[in-house]
Amino acid sequence: GYDEISEVVNVIDDKIQSKSNFASNVIVLKSFNCTPAKITEKDFIKYYITRYEQLKNILINRTNLSNSISINKIKYSKGKVSIIGLVMDKSTTKNGNTMLTIEDPTGYIKVIVSKNKLELFQTAKDVVYDEVIGIVGDYSNNFIFAENLYFPDIPISNSFKKSEDECYVAFISDIHVGSQKFLRKEF
């Protein structure tokens, strides 16, 4: 796998270099050099915790989530609470409501999204496992009754960084380099 990836990169690099009229002001700031290693359970845990923390930092900047607390502290709260967590489970209750199980590094809690809150209920239908979301709602009897769900989207107020030069980016994924299904000629 890694040798074939390296070979493909070299072929692409040779094609770029062979174009005599090609001039680039691209500077590589960071290059990732992966060495093969056995992936363990700890690697997955580290990945999900890092991902959770990064998305939490995006969500916590929202006004409605700035007072978010960790799940293990909810039992000391009454009334309205806000949390940020990862979707561990999703189901439908016998009354037709959506129930989300949300976890953070300190624990987990059940969140009920009422079918009577149509817009919120529709939003909850699109929530997927392992997604990091923010929730504001009322805490009672070991449940949070959701009033709002928040996602780590880009705020509209963000100004975009622009380049003076015209440039292009190609994003590729899942090309199976190194596998038997890799389409070398087409690539």
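Start by selecting I102, I135 and I144, which touch the most other members of the largest nonpolar core, a group of 19 residues. A nonpolar core here is a set of buried Ala, Val, Leu, Ile, Met, Phe, Trp, Tyr and Cys residues joined through side-chain atoms within 4.5 Å, where buried means under 20% relative accessible area, exposed means over 50%, and partly exposed lies in between (1.4 Å probe, protein chains only). To see where this core comes from, colour the elements that give two or more residues to it: β1 (79-92), β2 (98-104), β3 (107-113), α3 (118-125), β4 (132-140) and β5 (143-150). These helices (H or I, at least four residues) and strands (E, at least two) are DSSP runs, numbered from the N terminus. The model is predicted, so local features need pLDDT of at least 70 and side-chain atom pairs count only at pLDDT 80 or more, while totals for chains, interfaces and linings use all residues. Residues are numbered from 1 along each chain as its sequence is written, and side-chain values use heavy atoms, with hydrogens and water left out.

Stay with I102 and show its contacts (heavy atoms within 4.5 Å): leaving aside residues up to four places away in sequence, I102 touches I71, I83, G85, L86, V87, G107, Y108, I109, V111, I133 and I135. A second, separate core of eight residues can be selected next, with Y52, L59, L65 and V136 among its members.

Y48 is found in helix α2, residues 41-59, and counts as partly exposed because its relative accessibility is 32%.

The last stops are the two salt bridges that a search of the whole structure finds, each defined as a side-chain nitrogen of Lys or Arg within 4 Å of a carboxyl oxygen of Asp or Glu. In one of them, the side chains of R62 and D153 meet at 2.9 Å, N to O, and this pair links the loop between α2 and β1, where R62 lies, to the segment after β5, where D153 lies, 91 residues apart. In the other, the side chains of K80 and E147 meet at 2.9 Å, N to O, linking strand β1 to strand β5 across 67 residues; K80 is exposed at 55% relative accessible area, whereas E147 is partly exposed at 29%.
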